[in-house]
Amino acid sequence: MKRSSVFAATLLALAAFSAQAQTPAEAAAAAAPAAPATPAAAATPAAPVVVGSATPGPAAESLIVNDTKVGTGREATSGATVYMHYTGWLYRPLAKNMRGRQFDSSIPRGEPLDFVLGTGRVIKGWDQGIVGMKVGGKRTLIIPSELAYGSRAAPGGGIPPNSALIFDVELVDVK
């Protein structure tokens, strides 16, 4: 067999092996005609990766509110002063319980956070996610970055820019 025939046979074998090794998504992408690149797709920044936590995974696209215990006391309404215990983590949907690195908690301090609901003293995800809770209730809030700190880092450096957050909150009192 001539050297050029051996070379051609090797190239064909490599091409066949490469085609078999592709995932179905890669094969479909390779078979699809190339689409022109759009400026918006090219400018999309990668999700932040925080050292010591799981890969970010899919982004939180909207506020998600899950009641883990429904309270029976007074209801939290806009304009009321609420007293909340909370623990906050970076949202990492691929991590255990979707929680990345914990960045804050009121529980070890033993003193709940108090603020007037709906006045912008806290992140928008809290102003929206706490309304309707009743005293004694507990919720998990998954907050997209747009309703948290957005493209800026949180004061104190514990939360990087563009971070979705997850909080376990408990409504202690409403006045």
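I began with the largest nonpolar core of this predicted model, which has 25 residues, and noted that Met84, Trp126, Ile130 and Phe167 touch the most other members. When I asked which elements give two or more residues to this core, I found β2 (81–91), β5 (138–143) and β6 (165–174), with β6 giving the most, namely five residues.

I then took Trp126 by itself and, leaving aside residues up to four places away in sequence, listed its contacts as Met84, Tyr86, Leu113, Phe115, Leu117, Leu141, Ile143, Phe167 and Val169. I also recorded a second, separate core of six residues, with Ala60, Ile142, Ala164 and Ile166 among them.

Next I looked up the strand pairing. I found β2 and β6 running antiparallel and joined by nine bridges, and within this pairing I noted Thr87 with Asp168 of β6 as its bridge partner. I found β5 and β6 antiparallel as well, joined by six bridges, and here Leu141 has Phe167 of β6 as its bridge partner.

Last, I turned to the largest pocket, for which I wrote down a volume of about 360 Å³. Its lining is made up of 17 residues, and those closest to the pocket centre are Tyr86, Phe103, Asp104, Tyr149 and Phe167. The elements that give two or more residues to the lining are β3 (99–105) and β4 (113–116).

Notes: Residues are numbered from 1 along each chain as its sequence is written. This is a predicted model: local features need pLDDT of at least 70, side-chain atom pairs count only at pLDDT 80 or more; totals for chains, interfaces and linings use all residues. Side-chain values use heavy atoms; hydrogens and water are left out. A nonpolar core is a set of buried Ala, Val, Leu, Ile, Met, Phe, Trp, Tyr and Cys residues joined through side-chain atoms within 4.5 Å. Buried means under 20% relative accessible area, exposed over 50%, partly exposed in between (1.4 Å probe, protein chains only). Helices (H or I, at least four residues) and strands (E, at least two) are DSSP runs, numbered from the N terminus. Contact means heavy atoms within 4.5 Å. On a 1 Å grid over the protein atoms alone, a cavity is a set of points where a 1.4 Å probe fits but cannot get out, and a pocket is an open set with protein on both sides within 12 Å along at least five of seven lines; lining residues have an atom within 4 Å of a point. Grid points are joined across faces, edges and corners, and a volume is the space filled by probe spheres set on the points. Two strands pair if DSSP finds at least two bridges between them.
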